[in-house]
Amino acid sequence: MLSPLQISSYLAFAIFVIVVLWKFVKYATMPIHLRWELYPVPHEPEHEHGGSFFEHQNIWQLERKHDKLNELKEMLEEMLFIKRMFQNKRDLWYVSWPFHAGVYLILIWLALLFIRAVLVVAGIQGLVPIADVLIKIAGAIGVIAATLGCLGLLIKRVGNWELREYSAGVEIFNLLFALAVLLTGLFAWIKFDPNFDIAKEYMLSLVTFGSKPMPSLPNPILIHLILLELLFIYIPFTKIAHYVGKYYTFHAVLWEDAINKPGSEVEKKVKRCLQFRTSWSAPHIAGRTWAEEAKNPKLDVIERWKP
Amino acid sequence: MTKEVRIKDIGKPSKQLIKLRLEDLMKLPPPYDKPGEEPEMTEPKEEWRERYITELDGYIAIDVPFEKPKTKEEEQRLIQRFLEGLKKLLDKENNWTFLQPLLLSLEFCAKCQTCNDACPIYLASGKKEIYRPTYRSEVLRRIWKRYLTPAGKVFGKFVSGDIELNWYTIARLAELAYRCTLCRRCTQVCPIGVDNGLIAHEIRKLFSQEMGVAPKALHELGTVQHLKVGSSTALTPEGFKDIIEFIEDDIKERTGKNIKIPVDEKGADILLIHNAGEYLSWPENPAAFAIIFEEAGISWTLSSELVGYDAVNYGVWYDDVQLARIAMKHVEVARKLDVNRIVVGECGHAHKALCVVADRVLADEYNIPRESCMPVLWDIVRKKKLNLDPEKNNFPVTLHDPCNMVRLMGVVEPQRKILREICPQFREMEPHGVYNYCCGGGSGFAIMTSMNFPEWRNKVATRMKFKQILNAFKDCIDPSIKKYVCAPCSNCKGAIRDMLDHYQATMKCGIYYGGLVELMVNAMVDIEEPFIEMF
């Protein structure tokens with residue numbers, strides 16, 4: 001029999017996954033946009049100096065080569081180390097990177113808890129001690145780094161004029177919320193669960209859909225767990241889920257340089273978009289499809305703007 | 001620390017949000033490090049305040065008279081119109097062209113301010129708040145959140161931040177969209193890839209495509225004139241043919257070469273399209289191209305057809321519909337001439353507009369290869385099709401990288417390889433290549449000359465470039481040493497011309513400017529007289 005807490009854990013996780021996926025789908029299904037890449041583009045073979053295939057003649061005959069390895073390197077440097085912030089905003093990086101690295105470790109910790117539970121259920125006991133060690137390392141470093149980073153981010157966000165001025169209340173709230181989850185987690189770990197045994201048991205109960213008993217949870221852990229579930233539900237609806245955006249800004253905009261050759265997929269998409277109808281109100285636009293607007297210009301102008 | 005201007009102040013009723021002062025601007029290197037070395041700043045005329053938007057910083061980019069509402073109802077109509085436009089920017093059919101990049105940039109900015117110090121305008125202004133790359137973006141983001149998202153409607157300023165949408169906000173935002181050169185240096189450093197340049201571009205589109213409001217130099221005298229008359233310079237096909245004859249005579253006089261410039265020759269390999277500004281302001285540039293292409297035996301032609309002799313496409317700066325229209329005309333001309341490819345001359349934004357951005361508005365018979373002139377020129381030098389003597393260019397030369405050609409298109413090395421071959425005293429600016437600074441004339445600023453806008457451009461937008469040029473020549477800043485800024489872009493040349501004039505840098509420092517092909521012809525062994533004149 002599943003407890004309400006267990007059911008809420010499944011629900012929080014499911015909402016998180018579904019909404020994040022929905023966000024990915026939302027951006028993935030948007031129409032093709034005009035090319036807007038920005039160099040250096042790391043998959044270009046001449047990325048060292050920021051060069052592109054336009055440095056060559058007869059580009060349609062060129063065999064395009066992509067340095068996928070360098071793109072992966074650039075991507076990992078940005079994901080794992082926030083390279084651009086390290087290079088251009090070091091003071092903020094000192095708190096932002098520990099926070100992000102800590103969160104990554106906590107996610108790894110969660111994954112390890114899951115894997116450990118699967119190992120136990122599958123009877124692969126030999127690997128469980130290794131998982132135990134990794135769980136301890138990832139959990140401990142993760143929660144400390146993320147908490148310190150989050151605290152630092154909050155202090156920066158509130159204490160620094162240029163960060164505070166540009167933040168809405170919700171952006172401060174996001175940090176406070178994350179900090180609340182982290183602090184309760186830190187407290188629960190130090191005071192009640194130094195080896196993450198309760199966490200392991202709880203995960204096992206989730207993986208076995210309640211056939212393994214849920215451990216009894218001290219109140220601070222219960223509070224932490226509820227807050228964590230709420231955070232999981234909250235994240236995808238907020239800018240904390242900027243990892244979705246980051247994927248698309250780089251891969252679908254800044255590094256997206258596919259040529260529109262006759263008969264290509266790009267051309268097919270462009271042709272579909274050219275059939276969209278405009279409804280802009282300026283006098284030089286006539287409310288026709290993009291293709292019609294482009295071929296037969298209307299060229300009226302206003303002499304003066306009147307409200 | 002409190003700053004003088006806050007985001008919500010964009011809607012504050014006041015005569016002028018900020019006032020620029022010379023002493024606040026970024027300091028320049030010698031000999032401009034002493035007071036009195038550059039002209040003072042001026043006040044906008046009172047009559048301008050009546051007709052135009054001077055409520056931002058006193059400078060006027062939008063030279064279409066913009067009436068202030070006289071009643072609350074009129075102001076409400078303006079607000080509604082603005083919000084309608086914003087909705088269309090976020091609509092698939094009306095803005096498929098940039099919907100995805102725009103939404104990404106609106107939704108995911110972490111407000112970490114990593115981008116600020118990448119912006120030459122923000123730095124050159126002495127870090128004036130309104131020029132911070134995130135300022136205008138945040139204003140638009142707050143309006144979007146507050147007025148058009150469910151969360152903003154329910155939770156108000158808790159999620160959107162403090163913003164009021166009124167005449168002041170809208171009018172100032174219109175002007176503020178023209179305080180960014182769209183160089184996108186800020187985007188290069190953003191950890192999330194948020195594009196503040198794009199947001200400025202989209203605000204411009206909102207005003208142009210929804211309200212018909214854009215600087216005359218870009219719209220009425222720009223794209224509209226281009227499509228009606230044939231060129232944004234007002235050059236007609238007949239005028240173009242006359243200029244070609246003049247250039248042929250000039251080539252004969254200066255070099256002794258009898259060159260018949262091919263015009264409207266069907267079946268050539270290349271249709272070369274120049275920025276028509278070259279024919280009027282720097283005819284030596286198309287002349288140099290003609291000399292080089294003929295000497296190298298290139299199969300090429302120019303076009304005398306409407307639009308076909310002017311590569312510019314100002315639509316790329318402010319209006320996607322106009323962008324598409326001009327791009328279509330360009331390829332239509334190429335199609336009629338049955339050329340293999342279009343090659344764009346020394347014009348940065350024309351490079352980007354035709355080769356990159358407009359790549360996705362062309363289909364079927366309109367889809368023709370479009371390329372940069374730089375690899376063509378490098379190929380000519382590399383294969384030694386010209387007899388060149390670098391000693392003829394033995395003076396200090398530095399290279400300005402046009403943003404559109406370099407950072408936004410990745411054409412970085414061919415022009416450098418040429419300069420390394422033919423200019424013994426070539427030196428780079430710092431930073432350079434894809435990390436260059438804009439000339440300050442980007443996104444239309446070079447051609448926007450109404451009222452006091454050139455003063456803002458010279459004082460603020462080009463200041464960083466001027467600093468870079470001075471630093472590149474600091475070992476030879478004496479005016480007796482003639483120096484050359486190679487700017488392979490018409491608009492950059494225009495901005496640098498005005499900059500050198502404003503700071504009297506040719507007189508004070510011996511700095512001259514010009515294109516790349518002029519240096520190539522200047523190095524040709526069989527041309528006796530210098531092709532580049534520096535005196």
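L399(B) has C486(B) as its bridge partner in β7(B). This is a predicted model, in which local features need pLDDT of at least 70, side-chain atom pairs count only at pLDDT 80 or more, and totals for chains, interfaces and linings use all residues. Residues are numbered from 1 along each chain as its sequence is written, chains are lettered from A in the order in which they are written, and side-chain values use heavy atoms, without hydrogens and water.

**Sheet, chain B**
- Strand β5 (397–399) of chain B runs parallel to β7 (483–486) of chain B, and 3 bridges join them. Strands are DSSP runs (E, at least two residues) and helices likewise (H or I, at least four), numbered from the N terminus; strands pair if DSSP finds at least two bridges between them.
- The open sheet has 4 strands, ordered β6-β5-β7-β8 (chain B), with parallel pairing.
- β6 (426–427) and β8 (511–514) of chain B are the edges; each has a single partner strand, so one side of each lacks a neighbour in the sheet.

**Helices on the sheet**
- Helix α20 (413–422) of chain B touches β5, β6 and β7 of chain B (contact: heavy atoms within 4.5 Å). Its direction makes about 175° with that of β5(B); axes are lines fitted to C-alpha atoms, for helices over the stretch in contact, and angles run from 0 to 180 degrees between N-to-C directions.
- Helix α23 (490–502) of chain B touches β7 and β8 of chain B, at about 160° to β8(B).

**Helix α2, chain A**
- F81(A) lies in helix α2 of chain A.
- F81(A) is partly exposed because its relative accessibility is 44% (buried is under 20%, exposed over 50%, partly exposed in between; 1.4 Å probe, protein chains only).
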